[in-house]
Amino acid sequence: MSAGPRPTAVRAATDADMPAVRRIARRFGLLSGWPQGADFLDAERAFGTLLIAPGGSAASDAASGEDAAGFGGTLRRADLTHLGDLFVLPDRQSGGVGRALLAELLAGDGPKVTFASSDPRALALYVRHGLRPWTPLLYLTGPAAPLPAPTVRAARPEEIADADARASGGARPGTLAWYAAQPDVTPHATGAGGYAFARRLGDGALIGPAGGATPGECADAVLGALAATGARTGRIAVPGPHPLVPLLLGAGWRIADQDTFMADEAALARLRPDRYVPHPDLG
Ligand SMILES: CC(C)(COP(=O)(O)OP(=O)(O)OC[C@H]1O[C@@H](n2cnc3c(N)ncnc32)[C@H](O)[C@@H]1OP(=O)(O)O)[C@@H](O)C(=O)NCCC(=O)NCCS
């Protein structure tokens with residue numbers, strides 16, 4: 001009887017693993033929205049799970065954390081799991097590494113969401129874990145003027161934590177406080193209950209997470225936060241059914257990239273893609 005292929009071992013990333021994890025993350029261009037201070041990988045270790053598949057090359061000692069074939073991470077919103085990333089080095093792809101990472105990352109109960117890349121292996125693996133592809137997630141970029149600029153005020157993260165829990169499908173006060181403490185990040189609130197985080201990055205601003213009880217409230221919060229930053233340009237990850245899609249594309253914004261928003265039934269019952277604008281890396 002054949003023993004079959006050896007299953008890939010995966011384990012929680014340690015401090016010593018982080019240089020190898022960040023090398024892979026940079027290789028896939030994942031850290032461009034995190035120019036200084038902490039990054040979303042730190043958030044995954046603090047508020048979710050970050051796993052690596054050790055590389056096992058003869059040249060380096062996997063136990064010393066200098067070598068990795070791939071990594072994957074999640075962030076938690078109460079019992080909801082957001083799969084934030086799953087990346088395997090090109091010369092190790094299609095060998096079961098991604099499957100092994102995912103089996104650990106999505107082993108728990110509770111609703112699950114992710115943004116799948118155009119790699120068919122990613123989408124197929126996620127479908128096998130009960131997620132379904134629901135709608136495109138469009139990474140839009142364009143000029144802040146002359147968009148409408150609804151009134152917003154700067155808010156403390158704890159003031160908008162409940163609105164975020166309703167819009168995103170689960171509470172994450174720790175993650176929101178952590179993000180609000182990063183350089184050039186400001187949470188904003190509208191008078192009507194909408195909220196939006198904005199981060200100044202050069203002469204642009206990244207908006208999200210943002211949400212509201214209605215699609216219009218969410219759109220107002222996003223547009224108000226963008227205007228409040230004074231940035232010349234914006235970057236926003238918008239789900240297909242959101243009213244911001246026709247508004248921004250009608251104003252000449254461009255689709256810089258696109259993923260597929262995937263969720264299981266339990267997550268979709270809580271998170272409405274027409275009234276939530278995720279952060280590209282934090283969900
Ligand atoms: C996507 C990725 C993480 C998957 O990891 P991997 O180690 O290459 O994948 P695995 O070998 O574990 O599994 C791939 C699965 O996809 C299946 N697959 C391959 N091509 C497929 C296709 N065209 N349609 C459907 N399924 C396909 C394989 O059969 C395999 O499933 P199986 O193990 O049950 O047979 C990895 O390829 C990667 O890093 N890609 C580039 C970065 C990226 O896009 N990451 C996803 C971010 S959301």
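**Entry 1: the shell around the ligand**

I looked up which elements supply the shell around the ligand in this predicted model. At least two residues of the shell come from each of β4 (80–88), α3 (97–105), β5 (112–116) and α4 (120–127). Helices (H or I, at least four residues) and strands (E, at least two) are DSSP runs, numbered from the N terminus. I noted that α4 gives the largest share of the shell, six residues.

I then sorted the shell by class and found 12 nonpolar, six polar and four charged residues. Ala, Val, Leu, Ile, Met, Phe, Trp, Tyr, Cys and Pro count as nonpolar, Asp, Glu, Lys and Arg as charged, and the others, Gly among them, as polar. Of the 22 residues around the ligand, I list S94, G98, R99, S117 and R128 as those that come nearest; a residue is near a molecule if one of its heavy atoms lies within 4 Å of it.

I record that residues are numbered from 1 along each chain as its sequence is written, and that side-chain values use heavy atoms, with hydrogens and water left out. As the model is predicted, local features need pLDDT of at least 70 and side-chain atom pairs count only at pLDDT 80 or more, whereas totals for chains, interfaces and linings use all residues.

I searched for polar contacts (pairs of N or O atoms within 3.5 Å). A polar side-chain atom of R99 is 2.7 Å from an oxygen atom of the ligand. For V97, a polar backbone atom lies 3.4 Å from a ligand oxygen. For R121, a polar side-chain atom lies 3.3 Å from an oxygen atom of the ligand. Taken alone, the ligand exposes 950 Å², of which the protein buries 73%; these areas come from the Shrake-Rupley method with a 1.4 Å probe.

**Entry 2: an aromatic pair**

I counted seven aromatic pairs, that is, rings of Phe, Tyr and Trp (its six-membered ring) with centres within 6.5 Å. F28 and F87 form a tilted pair, 4.8 Å centre to centre with 45° between the planes; planes under 30 degrees apart count as stacked, over 60 as edge-to-face and the rest as tilted. F28 lies in the loop between α1 (18–27) and α2 (40–47), F87 in strand β4, and the two are 59 residues apart.

**Entry 3: backbone details**

I found the peptide bond from A145 to P146 to be cis, with omega near 5°; P146 is in the loop between β6 (132–143) and β7 (153–154). The bond from G208 to P209 is also cis, with omega near 0°, and P209 is in strand β10 (residues 204–211).

Technical notes. Polar contact = N/O pair within 3.5 Å; in protein donor to acceptor, adjacent residues only side chain to side chain.
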